[in-house]
Amino acid sequence: MSPVLKTERLVLRAPRPEDLDRCAELLGDYEVAKMLSRVTYPYDLEQGRAYLALSVERWSTWQEAEELGFQIDCEGLMIGGIGFKKLRETPEIGYWLGRAYWGKGYMSEAVQAAVAWLFGKTDHKLVACEAMTDNPASLGVARKLGFREVGEVGCASVSRGCTMPAIRTEMTRTDFLNGH
């Protein structure tokens with residue numbers, strides 16, 4: 001059973017196959033796609049369909065999954081997504097919003113809820129986040145929530161066809177539970 005996380009303005013829920021058109025609309029914007037490692041530009045509907053189907057399947061046995069994702073809804077409309085990868089190692093969180101929803105504090109609210117879920121449902125002691133250096137908004141979300149910069153890394157960008165410089169940040173369970 002997949003969780004539904006509710007914040008003041010948002011609902012985080014498991015992806016559904018019927019999210020495909022909305023994903024294509026929001027991720028079909030190059031300004032969004034170029035900041036993500038695994039999203040093609042133009043958006044590939046078949047890859048999107050396969051990703052959503054796999055996401056649904058992963059939630060059926062989430063405790064064993066290597067990756068899990070949430071869609072972010074606001075007022076009943078999907079506006080973005082959050083995912084955890086490397087769940088059998090040090091989890092890494094990634095996130096995105098459709099451009100119309102930037103700058104409204106939605107992502108900070110959503111990431112806070114997702115990290116609370118991760119630390120509440122697993123025994124992980126650390127969560128990491130990597131964001132491209134030319135994405136100050138994503139880096140700002142991580143810093144605002146208490147992630148600490150630990151180094152520079154390379155982040156592959158499928159849409160750009162190259163590896164981009166990125167910053168890796170991390171947050172411990174203890175720091176999160178103590179309010180950073």
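Analyst: Let's start with E67 and R38, which form a salt bridge whose closest N and O atoms are 3.1 Å apart. Bear in mind that this is a predicted model. E67 lies in the loop between α3 (45–60) and β3 (68–74), and R38 in the loop between α2 (30–33) and α3, so the pair ties together parts that are 29 residues apart in sequence.

Now for E92, which shows up in two of the pairs I'd look at. One partner is K85, with the closest N and O atoms 3.9 Å apart. The salt-bridge limit is 4 Å, so the K85–E92 pair, at 3.9 Å, still counts. K85 is partly exposed, with 27% relative accessible area, while E92 is buried at 7%.

The other partner is R168, where the closest N and O atoms of the bridge to E92 are 3.1 Å apart. R168 lies in strand β8 (residues 162–172) and E92 in strand β5 (residues 92–97), so this bridge ties together parts that are 76 residues apart in sequence. Both R168 and E92 are buried. The chain of contacts carries on from there: through shared partners, salt bridges join K85, K86, E92, E130, R168 and E170 into one network.

Strand β5 also brings us to helix α1 (residues 20–27), whose buried residues pack against α2, α3, β3, β4 (77–85) and β5. Which residues of α1 are buried? They are L20, R22, C23, L26 and L27. Seen down the axis of α1, these fall within an arc of 160°, so they line one face of the helix. On the face turned away from that buried side, α1 carries the exposed residues D21 and E25.

Putting the pieces side by side, E67–R38 links two loops, R168–E92 links strands β8 and β5, and β5 is also among the elements that the buried residues of α1 pack against.

Definitions and conventions:
Residues are numbered from 1 along each chain as its sequence is written. This is a predicted model: local features need pLDDT of at least 70, side-chain atom pairs count only at pLDDT 80 or more; totals for chains, interfaces and linings use all residues. Side-chain values use heavy atoms; hydrogens and water are left out. A salt bridge is a side-chain nitrogen of Lys or Arg within 4 Å of a carboxyl oxygen of Asp or Glu. Helices (H or I, at least four residues) and strands (E, at least two) are DSSP runs, numbered from the N terminus. Buried means under 20% relative accessible area, exposed over 50%, partly exposed in between (1.4 Å probe, protein chains only). The arc is that of the directions from the helix axis to the C-beta atoms. Contact means heavy atoms within 4.5 Å.
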